[in-house]
Amino acid sequence: MEIRTATADDARGALAVYAQYIDTAVTFEYRLPTVEEFAHRISDTLKNHPYLVWLESGRLCGYAYAHQLKEREAYQWSAELSIYLDSAMTSRGMGKTLYSLLIEILKRQGVRTVYGCVTVPNPASERLHEKLGFRRNGIFRNAGFKNKEWHDTAWFEKNIADCNTAPAKLVPFSRLAPETVGEIIHSAIA
């Protein structure tokens, strides 16, 4: 097993995992992106936020990443997390591991609150958030229309650092020392 920071070269493997969800309401995207589009997404995310991949015997089996909750500057200390696992590789604890690693990295960057958005019902994803100490904040009714029906989304929230003081500017992921990220990952899988 290997967990590491993604690169644009992981786009093909990550896209193969994502393709398993494109015809479901797990993602609200209608069209599967090209490998080039996916590579750009990975590179763009890595400028400011972590993007991790999980490999087994050299095959990409899942990935997780964070991005700023909303685009305005005041949101820089909040991040939304996303995770996709190969459907044949679920229920092995890797969702919890990847999410936990993202959270530890985001703490080092100065993020204070993380969020998860889940199309409901999705018991496995809902349980994952609850096990990791997220609080369900509410339901967005009829948030997306896909596969000829409307879908609700549940939003989950978790404070990962104190919010009683003014924060320092967020440290972009690209400026974190690779050794720091490596130590965080190694401590989780050692």
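Is Trp-150 buried or exposed in this predicted model? With a relative accessible area of 52%, Trp-150 is exposed, where buried means under 20% relative accessible area, exposed over 50%, and partly exposed in between (1.4 Å probe, protein chains only). The model is a predicted one, in which local features need pLDDT of at least 70 and side-chain atom pairs count only at pLDDT 80 or more, whereas totals for chains, interfaces and linings use all residues. Residues are numbered from 1 along each chain as its sequence is written, and side-chain values use heavy atoms, with hydrogens and water left out.

Trp-150 lies in strand β7, which spans residues 149–159; helices (H or I, at least four residues) and strands (E, at least two) are DSSP runs, numbered from the N terminus. Strand β7 pairs in the antiparallel sense with strand β6 (residues 135–146) over eight bridges, and pairing requires that DSSP finds at least two bridges between two strands. Within this arrangement Phe-145 stands opposite Trp-150, and the two strands form a hairpin with two residues between them, where Asn-147 in the turn has a positive phi of about 55 degrees. Strand β5 (residues 113–120) is also paired with β7 in the antiparallel sense, over eight bridges, and Val-118 has Ala-154 of β7 as its bridge partner.

Together with Tyr-30, the residues Phe-145 and Trp-150 make a nonpolar surface patch of about 390 Å². Patches are made of residues with over 30% relative accessible area and no salt bridge, like charges being joined within 9 Å and nonpolar side chains (Val, Leu, Ile, Met, Phe, Trp, Tyr) within 5 Å; accessible areas come from the Shrake-Rupley method with a 1.4 Å probe, and for residues only the protein chains shown count as cover.

The structure holds 13 salt bridges, each defined as a side-chain nitrogen of Lys or Arg within 4 Å of a carboxyl oxygen of Asp or Glu. Among them, Arg-4 is joined to Glu-2 at 3.5 Å, N to O, and to Asp-10, with the closest N and O atoms 2.8 Å apart. Glu-2 is partly exposed at a relative accessible area of 37%, and Arg-4 likewise counts as partly exposed at 24%, while Asp-10 is buried, with a relative accessible area of 8%. Through salt bridges that share partners, Glu-2, Arg-4 and Asp-10 are joined into one network. A further salt bridge links the side chains of Glu-71 and Arg-72 at 2.5 Å, N to O, and both Glu-71 and Arg-72 are exposed.
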